[in-house]
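The stops below follow one another as selections.

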Amino acid sequence: MTVIETITVPRHLRGYPGVAFGGCIAGVLAGRLAAKTVRVDFRRPTPVDVPVGLTDTADGGAVLTGADGVLAVATPDELALEVPDPPSRDEASAAAEAYRAAPPERAADCFGCGLDRTPDTGLRQHCAAVPGRDLVATALTAGPALADTEGKLRAELVWGALDCPGNAAGRLREGAAGGGSDGLTHGTAAPAGAGLLTAGVICLGPLGERAEAPGGVALATAGGDLGAIASALWVDPR
């Protein structure tokens with residue numbers, strides 16, 4: 001017998017009005033799998049404040065379903081990325097401040113990159129280009145409200161921290177191609193969505209450490225220790 005668990009994504013975990021933040025959805029699904037690296041394919045937006053079904057599959061995956069059908073699917077996967085040297089703490093902090101000084105117009109109240117979020121109500125992934133390097137960066141210091149019982153950033157939120165920077169890398173990197181990448185508008189009134197997100201979580205640092213999310217995408221501690229990597233395909237609706 002297939003057992004369907006019912007979950008409800010609270011409103012504060014939104015990416016756009018009424019739509020759940022994709023990174024957190026991916027993290028919830030990935031948490032059901034035994035695999036260290038997981039691929040999550042998004043089929044439809046997941047609503048907030050609405051019960052949806054979460055089911056484990058016979059092949060070791062998980063499926064999220066709503067009233068209109070499948071919302072997202074998680075499956076075991078593999079991931080190989082060349083990770084650049086992380087930016088320094090000062091570079092990452094300067095990039096975040098540069099974004100806040102000149103944010104995009106009509107920015108959404110996104111759990112990942114919303115400007116009005118506090119360290120306890122959002123991840124504040126405010127990404128900007130690092131001068132002289134072909135990458136973007138931001139600095140993350142999460143608040144206690146986002147912690148697990150060990151005082152670390154909750155696993156599903158680590159996936160969230162790998163979400164918005166991937167979009168920023170496509171939009172802001174010096175060598176980014178035109179069309180699909182440059183056209184992405186995550187964080188603005190015209191939403192773009194991640195078609196899939198694949199990540200491998202290596203380690204989770206304590207909340208007191210700052211973390212950088214360079215390029216497309218790696219999460220590192222302030223000391224440069226690699227915590228997680230991800231690859232994402234972003235879809236620009238036309």
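**Stop 1: a surface patch**

Select L81, V83 and L226, which make a nonpolar surface patch of about 200 Å². Areas come from the Shrake-Rupley method with a 1.4 Å probe, and for residues only the protein chains shown count as cover.

This is a predicted model: local features need pLDDT of at least 70, side-chain atom pairs count only at pLDDT 80 or more, and totals for chains, interfaces and linings use all residues. Residues are numbered from 1 along each chain as its sequence is written, and side-chain values use heavy atoms, without hydrogens and water.

L226 belongs to strand β14 (residues 226–235); helices (H or I, at least four residues) and strands (E, at least two) are DSSP runs numbered from the N terminus. L226 is partly exposed, at 32% relative accessible area; buried means under 20%, exposed over 50%, partly exposed in between (1.4 Å probe, protein chains only).

**Stop 2: helix α4**

Next, select residues 164–172, helix α4: 7 of its 9 residues are buried, so the helix is largely enclosed by the rest of the structure. Among them is C164, at 3% relative accessibility.

**Stop 3: cysteines**

The sulfur of C164 lies 3.7 Å from the closest cysteine sulfur, in C113, too far for a bond. A disulfide here is a pair of cysteine sulfur atoms within 2.5 Å, and the count is 0. For C24, the nearest cysteine sulfur is that of C110, 8.8 Å away.

Terms used:
Patches are made of residues with over 30% relative accessible area and no salt bridge: like charges are joined within 9 Å, nonpolar side chains (Val, Leu, Ile, Met, Phe, Trp, Tyr) within 5 Å. A salt bridge is a side-chain nitrogen of Lys or Arg within 4 Å of a carboxyl oxygen of Asp or Glu.
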